[in-house]
Amino acid sequence: MAKPKVAFYWCASCGGCEESIIDLAENILKVIEAVEFVIFPVAMDFKMKDVEALHDREIAVSFINGGIRTEEQEHMAKLLRKKSGIVVAYGACAHLGGTPGLANFFNRDMIFDYVYRKAPSVENPHNITPKPRTAVKQGDLTLPKFYDTVFTLDQVIDVDYYLPGCAPPPDLIMKAIEAILSGNLPPKGSVLAPDKSLCHTCKRKPTKPEKAIIKEIRRVHEVLLDPDRCFLDQGIICMGPATRDGCGERCINANMPCRGCFGSTSRVEDQGAKFLSALASVIDANDENEIRKITASIVDPAGVFYFYSLPASMLRRRRNIANE
Amino acid sequence: MSKRITIDPITRLEGHGKIEIFLDDRGNVEKTYFQVPELRGFEVFSIGRPAEEMPRITPKICGVCPTTHHMCSTKALDDLYKVDPPATAKKLRELMYSAFMLEDHMLHFFFLGGPDFIAGPSAPPAERNILGVISKVGLDIAGKVIRLRRECRDVITHFGGRVIHPVCGLPGGISKPLKEEDRLRIVDVAKNGVEFAQFALKIFEDIVLKNKEYVDLILGDVYKHATYYMGLVDKNNKVNFYDGDIRVVTPEGKEFARFKPGEYLSHITERVEPWSYVKFPYLKNVGWKGFVDGIDSGVYRVAPLARLNVSDGMATPLAQAEFERMYATLGLKPVHNTLAFHWARLIEALYAAERMLELAQDGEITDPHVRNIPTATPEEGIGVVEAPRGTLFHHYKTDKNGIITEANLVVATVNNAAAICMSIEKAAKSLIREGKVSEGLLNMVEMAFRAYDPCFACATHILPGKTPLFINIYSKNGDMIKTVGKG
């Protein structure tokens with residue numbers, strides 16, 4: 001029997017999802033034995049024409065990582081959707097928009113203005129910015145159009161499954177691959193990770209505040225971090241209560257709080273809103289003034305509560321500057 | 001007939017890369033362009049974020065070298081809050097960083113750049129990858145490479161929580177100390193690393209240096225550019241990855257500048273071109289003269305060979321001996337031969353392993369005091385480290401509350417952007433003649449940029465069979481007349 005064809009493609013990503021495949025270490029040889037990669041730009045050649053020449057749904061599964069930020073990325077995502085039986089949004093950026101999705105607080109013009117004009121190391125007397133088409137003596141040079149907004153993968157194409165994490169951990173990757181190969185898959189739209197909150201398995205859970213006791217929010221650099229006590233109990237923002245389990249508490253093992261790269265559980269619509277409600281339930285304030293004082297000590301709630309999920313959230317982007 | 005050759009995608013440098021080669025009427029190369037077709041705007045969306053989140057935000061620039069951005073950002077925060085970390089915290093950071101440099105350099109040699117030499121530059125593509133390396137040096141070696149990589153990455157995970165985007169850096173220190181039992185494990189990894197780095201140099205000697213054809217290729221004019229060089233040095237002018245002054249030498253090897261990280265804006269300027277999302281840095285005090293080399297052009301190079309060229313040696317004994325041997329063999333300093341980046345990279349890997357061992361055996365390394373809490377009012381901070389791919393600058397300004405108001409990043413590979421364009425053009429001009437474009441020649445064009453280990457070089461040589469380049473040749477009116485594939 002022919003091996004199932006697999007594509008692994010990157011959009012607006014950092015390459016960390018590719019590294020996560022290489023970090024399968026010895027297991028990667030098993031994967032290569034079981035499947036045929038038709039696209040894997042980090043690792044091998046492919047031609048756009050070859051992909052176009054495939055029959056519709058000929059690729060068994062496409063793993064697509066990165067958000068969608070340029071027309072080229074959108075084009076590839078759509079092409080892969082057409083050619084694939086299953087599409088998996090791989091990693092936090094494809095799943096939720098990811099940290100680069102914080103760019104949705106800004107727009108293209110603001111980014112170009114700073115990066116190519118105002119950055120202190122730039123000297124650009126003629127106000128040059130990159131253009132989709134540039135005529136040079138020998139011909140035209142092209143660049144893909146840069147969008148105003150970062151999109152999640154499922155805002156551009158239909159997605160069958162989500163493999164969460166920045167980057168997804170090796171055990172969940174192997175489980176997902178095994179599930180796909182065996183056809184033993186959960187309902188469409190599932191996130192391929194446990195459906196409970198991170199606090200559920202966190203070693204620090206016994207010290208998690210069960211009632212309103214937080215008087216002050218503190219920042220990680222301001223205090224010595226207790227390696228055993230729940231971060232919330234220390235007054236430190238930890239996204240655990242609003243975040244899906246399955247990462248192995250990697251950040252917490254390094255004595256740093258969670259920032260939510262797995263997104264929320266299936267019962268939650270909006271990760272940031274969920275965290276806000278979880279936080280509200282442990283804040284100890286008797287009157288409005290006290291509440292104001294405590295909430296004022298939370299710096300950049302939008303940026304921290306939506307560290308990975310702004311494009312996927314109900315907010316999606318800052319509206320008053322959108323001009324697409 | 002005028003032709004156009006497109007190499008796309010060459011993948012990743014903040015995403016992807018693309019090379020356009022224009023041939024003249026006789027089929028010789030007239031001009032090449034190296035384009036980066038992606039941008040994400042980290043400098044801008046950092047605005048409004050709490051400064052202490054920057055070591056968690058900026059690694060997302062690159063999942064291949066997140067440890068570098070994490071470390072650079074953390075150092076920028078030290079400077080922002082004017083807080084000096086405890087000696088042990090600095091050593092732990094450097095220990096983690098040395099493990100990273102070792103595994104990253106080894107990955108490049110065995111999986112990415114090395115196959116060109118070990119399997120051979122004109123070997124069939126199916127052999128010019130890690131499998132070709134295995135068949136030449138043996139399967140057990142490949143197993144050792146995978147093991148060393150995994151062990152080093154476990155060391156990074158130990159501190160950073162995760163190896164893809166570590167989280168442990170804080171202004172004034174690191175989030176947790178090192179325990180004795182973990183220290184012992186790291187000593188073993190480092191010892192193994194020293195042994196393996198020496199072994200890699202032996203392979204390089206046996207397979208590359210004893211082969212006249214390869215040595216001629218290294219020394220030949222195709223891969224040579226007389227540029228300025230930049231890199232971090234310690235107070236004795238020895239190579240340092242984690243800290244020091246930035247030193248710049250002229251194409252003749254004379255010290256041109258030596259400056260503190262905080263002075264980078266007096267020395268580096270970036271140019272914008274309309275045909276690429278990447279900017280082109282050059283030496284401000286020499287000026288931009290175009291994509292050319294020589295003493296009058298502000299183009300400079302960074303990364304392994306550049307670091308060795310700007311230094312007076314290595315701070316560890318085994319690496320120092322290799323440093324001396326390289327310059328004795330190649331004759332001149334600075335070495336301008338781009339392919340010597342591979343050799344320099346292995347010498348650096350040995351230094352990283354030796355340094356890792358020194359630090360893991362340091363009497364202070366398990367001291368539990370690893371944080372100094374910042375007390376100063378933040379305003380501006382600049383951090384520098386040497387990434388595997390060159391000097392990296394993070395520059396932040398904040399309000400009094402430590403919220404970012406401005407962020408400027410000069411990313412490692414970007415320093416080499418102009419030189420990479422030049423190297424590709426020179427190799428293409430030398431190798432593509434009268435329209436004859438063979439697969440082997442194209443690989444030799446690729447070798448021009450792969451030597452720099454730019455992030456997009458990860459695109460090649462990992463899995464069997466194929467490399468990611470393909471070339472379409474167009475007639476003047478845009479019809480595709482030929483495809484040169486690579487697999």
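My notes on the two interfaces follow.

I worked from a predicted model, in which local features need pLDDT of at least 70, side-chain atom pairs count only at pLDDT 80 or more, and totals for chains, interfaces and linings use all residues. Residues are numbered from 1 along each chain as its sequence is written, chains are lettered from A and ligands numbered from 1 in the order in which they are written, and side-chain values use heavy atoms, with hydrogens and water left out.

**Domain 1 and domain 2 of chain A.** I found eight residues of domain 1 of chain A in contact (heavy atoms within 4.5 Å) with six residues of domain 2 of chain A. The buried area (accessible area, 1.4 Å probe, that two parts lose on being put together, summed over both) is about 650 Å² between these domains, with 56% from carbon and sulfur atoms. On the domain 1 side, A:Arg69, A:Thr70 and A:Glu71 lose the most area to domain 2, together 70% of what that side buries.

**Chain A and chain B.** Here 87 residues of chain A are in contact with 98 residues of chain B. I noted about 7600 Å² buried between the two chains, carbon and sulfur atoms giving 61%. A:Ser121, A:Gln138 and A:His221 supply 9% of the area that chain A buries against chain B, more than any other three residues. The rule finds eight salt bridges across this interface of chain A and chain B. I looked up the salt bridge between the side chains of A:Glu19 and B:Arg153, at 3.1 Å, N to O.

Note on methods
Salt bridge = Lys/Arg side-chain N within 4 Å of Asp/Glu carboxyl O.
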